[in-house]
Amino acid sequence: MNREQYIDVYFESLFENVSLTDAQETDARTKYNSVIKKLTQKYYESDSIDNRFQLFGSYGKRTHLRPARDVDVQFILPYSQLERVNNWQGNKQSRFLQEIKDCLLERFPRTTIRSDEKVVVVNFADSTHDVEVLPSFKISDTFYYIPDTKKGGNWCPVPRKAPHLEPGLSRVW
């Protein structure tokens, strides 16, 4: 075996050792789909998750490796929900993340779920894939608003084509 063949074999072996197994990919997909389905039922009164989310982070970029960790999901809410939340008093963003947390606790009552500045984290007990949900409101074809609970709360404009929110990378399976 020449040097190039050896490197190819070695790299292929390395890649197989760090790539997620089929079972791990199925676990991730099952978890984030069930999270998005529950949120879709609440905020859209529908079971269809089509065009309601996109993956970002390592799953969105298709760079996820073993060991299995978390799946970052942007959940896109209708603008009417932003109007509803903006009528609240106090830190609207914190209250909104709490509302999402409470919704997910209905579906996953034995799961640790917490809000953390901009996201709601669903920590599944099996220690494989957790799901981090970034709620967002589509403001225009070029911007989303995402919540930020720091300093009394505010809405942060995020470009739609931000590197971590690339729509073309939204469906990896």
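Modeller: Let us take strand 5 (residues 130-138), which is mostly covered, since seven of its nine residues are buried; buried means under 20% relative accessible area, exposed means over 50%, and partly exposed lies in between, with a 1.4 Å probe and protein chains only. Please keep in mind that this is a predicted model, in which local features need pLDDT of at least 70 and side-chain atom pairs count only at pLDDT 80 or more, while totals for chains, interfaces and linings use all residues. Residues are numbered from 1 along each chain as its sequence is written, and side-chain values use heavy atoms, with hydrogens and water left out.

To place the strand, note that the protein chain has five helices and seven strands, where helices (H or I, at least four residues) and strands (E, at least two) are DSSP runs numbered from the N terminus. Along the sequence these elements follow the pattern α-α-β-α-β-α-α-β-β-β-β-β, and buried residues make up 42% of the 173 residues in the chain.

Now to the partners of the strand, where two strands are said to pair if DSSP finds at least two bridges between them. Strand 2 (residues 70-77) runs parallel to strand 5 and is joined to it by eight bridges; within this pairing, Val 73 has Val 133 as its bridge partner. Strand 4 (residues 119-123) pairs with strand 5 in the antiparallel sense over three bridges, and here Val 122 stands opposite Val 131. Strand 6 (residues 143-148) is also antiparallel to strand 5, with two bridges, and Phe 137 stands opposite Tyr 145 of strand 6. Strands 5 and 6 form a hairpin, with four residues between them. As a general point, the side chains of a regular strand alternate between the two faces of the sheet.

Phe 137 also leads us to the aromatic rings, because it belongs to a cluster in which ring pairs link Tyr 43, Tyr 44, Phe 75, Phe 96, Phe 137 and Trp 155; rings of Phe, Tyr and Trp (its six-membered ring) pair if their centres lie within 6.5 Å, and planes under 30 degrees apart count as stacked, over 60 as edge-to-face and the rest as tilted. A search of the whole structure finds eight aromatic pairs. One of them, formed by Phe 96 and Trp 155, is edge-to-face, with 6.5 Å from centre to centre and 65° between the planes. Phe 96 lies in helix 5 (residues 92-107) and Trp 155 in strand 7 (residues 154-159), so this pair ties together parts that are 59 residues apart in sequence. Phe 96 is buried, with a relative accessible area of 0%, and Trp 155, at 16% relative accessibility, counts as buried too.

Another residue of helix 5 is Lys 92, which counts as partly exposed at 22% relative accessibility. Lys 92 and Trp 155 are 63 residues apart in sequence, yet their C-alpha atoms are 9.3 Å apart in space.
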